[in-house]
Amino acid sequence: MDKQVEFLVKLRDASRMIAEAANEYIDALAPPAVKEAQKVTTTVQEATFTILKFEPQQGAKLGQFEVAYKQNNLPDKWQNAYNILRNSNATIQNRYHGEDYQYSYWLYAEDKIYRQKLKPKT
């Protein structure tokens, strides 16, 4: 039973990575006019995300970032933020943020929302 669950989890994660790679490739092939139209999107207020409880993490490539786990947050608040990121196709390569945001946000694994402090504008 454990091997079956482990297999299914690996299969799900691999499928997600394949889908992300395909989406990135499709985006790379899109004409410049389409890319500009995609950039003109409305962002929600950052408070939608800052009300979540984030836990600090450290990665070799990413450096410092934070993760909000579904089970550690209010279900309706977490789901609302998750849905916004999912509908915006927020990935680590295409992070979600607005003009005045302090952080960028993205999804990667199931039941997790990631964020990282934005670099100051120069």
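This is a predicted model: local features need pLDDT of at least 70, side-chain atom pairs count only at pLDDT 80 or more; totals for chains, interfaces and linings use all residues.

Reply: Residues are numbered from 1 along each chain as its sequence is written, and side-chain values use heavy atoms, with hydrogens and water left out.

Me: Is T48 buried or exposed?
Reply: Buried means under 20% relative accessible area, exposed over 50%, and partly exposed in between (1.4 Å probe, protein chains only). T48 counts as buried because its relative accessibility is 18%. It sits in helix α3, residues 47–50; helices here are DSSP runs of H or I with at least four residues, strands are runs of E with at least two, and both are numbered from the N terminus.

Me: What lies 3.1 Å from a polar atom of the T48 side chain?
Reply: That is the backbone oxygen of Q45. As for contacts (heavy atoms within 4.5 Å), T48 touches N80, A81 and I84, leaving aside neighbours within four places in sequence.

Me: How many residues does the largest nonpolar core have?
Reply: A nonpolar core is a set of buried Ala, Val, Leu, Ile, Met, Phe, Trp, Tyr and Cys residues joined through side-chain atoms within 4.5 Å. The largest one here has 21 residues, and F49, L52, L85, Y96, Y105 and I113 have the most contacts inside it. At least two core residues come from each of β2 (63–69), α4 (75–87), β3 (103–107) and β4 (112–117), and α4 gives the most, with 5 residues. Beyond four places in sequence, F49 is in contact with residues including V44, F54, L85 and Y105.

Me: Which residues make the nonpolar surface patch?
Reply: M1, V5 and V9 form that patch, of about 300 Å². V9 belongs to helix α1, residues 2–29, and is partly exposed because its relative accessibility is 34%.

Me: Where are N89 and D111 found?
Reply: N89 is in the loop between α4 and β3, while D111 is in the loop between β3 and β4. N89 is not a glycine, although its phi is positive, at about 55°. D111 also has a positive phi, near 60°, in a residue other than glycine. With a relative accessible area of 52%, N89 is exposed; D111, at 30%, is partly exposed.

Key. A polar contact is a pair of N or O atoms within 3.5 Å; within protein, one must be able to donate a hydrogen and the other to accept it, and residues adjacent in sequence count only if both atoms are side-chain atoms. Patches are made of residues with over 30% relative accessible area and no salt bridge: like charges are joined within 9 Å, nonpolar side chains (Val, Leu, Ile, Met, Phe, Trp, Tyr) within 5 Å. Accessible areas come from the Shrake-Rupley method with a 1.4 Å probe; for residues, only the protein chains shown count as cover. A salt bridge is a side-chain nitrogen of Lys or Arg within 4 Å of a carboxyl oxygen of Asp or Glu.
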